[in-house]
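Please read it with the structure open alongside.

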Amino acid sequence: MNEKYAPILVVDDEPEMCWILENIIRKTGLDCRTALSAREAMDLTESNKFGMAFLDAKLPDIDGLELARKLRKTNAHLPIVIVSGYFYPDDPTIEGVLQAGLITAFVGKPFDHDEIVSVITRYARR
Amino acid sequence: MGDKTLKATGRDLSGRYKRLYTMLLDAIPSSVLLIDQNMRIVSANRNFLEKGQRTLANTIGYRLEEVFPTIILDQMDITKRIRQVIENNQPAKGERMTYRAPGVPIRIYYYSILPFTCQGQVEGAVLLMEDVTEQVRLSEEVRRVERHLGSVVESASDLVLSTDKKGRILTWNAAAEMLSGYPAAEAREHDFIDFCTDEDRKDIREIFSRIDTRKYARQMKEFSLRTKQATFIPVSWVFSPLKDSSNQTAGVVAVGRDLTERRKFETELHQSQKFAALGVMAGGIAHEIRNPLAICSSSAQFLMEEDGTPEFRRECAEKIHKGIQRTSAIIENLLKYSHPSTTTRTTLVNLASLIKETLTLVTYHANILKIDMKTSFPREPIMVQGVATLLQQVFMNLFLNAINAMPTGGRLRIDVKMDQPEVRVQVTDTGCGISPREIGKIFDPFYTTSIVGQGTGLGLSLCYSIVKQHRGTIEAESVEGRGSVFTVTLPARFG
């Protein structure tokens, strides 16, 4: 599926988390780019087209949800997944942004790799 | 002529003396009786006749038992005593006698019997009776008032004691006996200072030395009381000068209240405050723990797959190991902080390390709110005498307050400086600030600007009481909309 699908963006201030997500994504045959901050992520989106984005909720510069809003402005259809240890699945904030369509899915840390694989299979765009 | 005058003068003098003695005898407020060897009354003064409601006619020449009621004579054995005085020619002194005559109120006499001699021969005895009814009544009244005052002091649940000007214990009430385990008699062999800790002695000497000055007429201070079992009880003391009748300071009155119960309550309050702080930080803590957990979990999942290269598998194992160490360190910090501490014993505390440890705990919370933290510590270790867990709570409260004042990020600066003989800790935030109207109330208990359910309003009042307990100060300066600076000063210790 690699040829057809656009690379996936991973944004997390923890290099280890980026390493993990990158490995899971690459195992599915997709390409991946990582960013340690929202600023870095915004720079990457300027020169790259992404088929999906995994965002950490708490980034050093701006919040993951804030970054999601910025990404939405330029890419209304980008599937955005929040991967966070700060929120929990039925967290009112998460339920709210899911309903509003700001994010596509939420995965709580720690996670089973299957959860990541299943959101990729389900939402990743070409 | 001179001879005649002398004689006439002599006669006049003798008559005058007799009149003078009769007058004196009748004027003195005592009863005087002259009794002969046969126990007959030879002479009785006016006072006696009036007190006994008698006349000279039914008194002179009568026997003692005809004049005194039998009950008195039997009870007091006056006849026998008079006989002994006459026989031995020795006075009997200082006896008390209660006289009840029909129709007259009870009288109390103090009586003495003196032998009456003439030319070396004992002719009779003089019975001198002083009416002491009123004195006895007054002294009983005085004793009653004294007993009442005594029982007030004795019944007080507070320690009430007095010392001389040098601090020697004079009185020691029942509460002091009970709390200290020292009976009053034993306490009186000691100075007040003997019941205190070595560290408090300097302050106590100062209090006693200036008790005489008007400015320090009422000094309040907390000192531990050393008990007989060698334990220490926290006591809040008030020292006042003990004034004598000429308004001169004769000693010191010390009234003390046992603070054990209050300390227990405060400990519980501190503990609940800690949990409240942990609640505030829960999100940050969860985030901080779940990140390494996620790394461990994922690395383990990679290991479970068969296809990894040996290098990749080794990397996974290393990440698991590191993740567990990281999580464990966070949990250790939390445990240290939340561990209930009942001790109020002070130790030498390294303030810089304590502040750094506390900062580690709030970092999780601060990071999430995008608060930039800057610290500056002096190179040399900063030591203070104190209770480490209490001091940690002061800084935890100050840091959390500062962080909560910056919900959309900002800068938190912590400056620790030596300012001999004090150490000064400044916590500066760039948050919402405190209005001039509110700044005067921030150290009051239950005063809060937090939304209901988010703050207890006890944080700063606890900081205040803890810092005061450590003989330090806490001050706040703030510009609304710009931020606040909280300054804590504590006495520095060396060595």
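Two strands are taken to pair if DSSP finds at least two bridges between them, and the strands themselves (E, at least two residues), like the helices (H or I, at least four residues), are DSSP runs numbered from the N terminus. The model is a predicted one, in which local features need pLDDT of at least 70 and side-chain atom pairs count only at pLDDT 80 or more, whereas totals for chains, interfaces and linings use all residues. Residues are numbered from 1 along each chain as its sequence is written, while chains are lettered from A and ligands numbered from 1 in the order in which they are written.

**Sheets and strand pairs**

In chain B, strand E1 (residues 30-36) and strand E5 (residues 121-131) pair in the antiparallel sense over seven bridges, and within this pair B:Val32 has B:Leu128 of E5(B) as its bridge partner. E5(B) is also joined, by ten bridges and again antiparallel, to strand E4 (residues 107-118) of chain B, where B:Tyr110 stands opposite B:Glu130. The hairpin formed by E4(B) and E5(B) has two residues between the strands, and B:Gln119 takes a positive phi near 50° in it.

Chain B also holds an open sheet of five strands, in the order E7-E6-E10-E9-E8, with antiparallel pairing. Strand E7 (169-172) and strand E8 (219-226) of chain B have a single partner strand each and stand at the edges, so one side of each is left without a neighbour in the sheet. Direction ignored, neighbouring strands of this sheet are turned by 30° against each other on average, where axes are lines fitted to C-alpha atoms (for helices over the stretch in contact) and angles between N-to-C directions run from 0 to 180 degrees. Strand E9 (residues 232-243) and strand E10 (residues 249-258) of chain B run antiparallel and are joined by nine bridges; B:Lys243 has B:Thr249 in E10(B) as its bridge partner. Helix H9 (residues 201-209) of chain B packs on the sheet and touches E8, E9 and E10 of chain B, with its direction making about 135° with that of E8(B); contact here requires that the C-beta atoms of two residues, placed from the backbone, lie within 7 Å.

In chain A, an open sheet of five strands has parallel pairing and the order E2-E1-E3-E4-E5. Its edges are strand E2 (32-35) and strand E5 (105-108) of chain A, each with a single partner strand, so one side of each is left without a neighbour in the sheet. From one strand to the next the twist averages 20°. Four bridges link strand E4 (residues 80-84) of chain A to E5(A) in the parallel sense, and A:Ile82 has A:Phe106 of E5(A) as its bridge partner. Helix H5 (residues 113-123) of chain A packs on this sheet, touching strand E3 (52-55), E4 and E5 of chain A, and its direction makes about 170° with that of E5(A).

**Backbone exceptions**

Most residues other than glycine have a negative phi, and most peptide bonds are trans.

| Cis peptide bond | Omega |
|---|---|
| A:Lys109 to A:Pro110 | near -10° |
| B:Gln420 to B:Pro421 | about 5° |

A:Pro110 is found in the loop between E5 and H5 of chain A, and B:Pro421 in the loop between strand E14 (410-419) and strand E15 (422-429) of chain B.

B:Met39 has a positive phi, near 65°, and lies in the loop between E1 and strand E2 (41-44) of chain B. Phi of B:Asn247 is likewise positive, near 65°, and this residue is placed in the loop between E9 and E10 of chain B. A residue counts as buried if 20 or more other C-beta atoms, placed from the backbone, lie within 10 Å of its own, as exposed if 12 or fewer do, and as partly exposed in between. B:Met39 is partly exposed, with 19 other C-beta atoms within 10 Å, and B:Asn247 is exposed, with 8.

**Contact between the chains**

Between the chains, 14 residues of chain B are in contact with twelve residues of chain A. Helix H10 (residues 260-304) of chain B supplies the largest share of the side of chain B that touches chain A, twelve residues.

**Nonpolar cores**

A nonpolar core is a set of buried Ala, Val, Leu, Ile, Met, Phe, Trp, Tyr and Cys residues joined through C-beta atoms within 7 Å. The largest one has 43 residues, and those with the most contacts inside it are A:Val11, A:Leu21, A:Ala53 and A:Leu55. Helix H1 (residues 15-27) of chain A gives the largest share of this core, six residues. Another core, of 41 residues, lies apart from it and includes B:Leu391, B:Leu400, B:Ala405 and B:Ile474.
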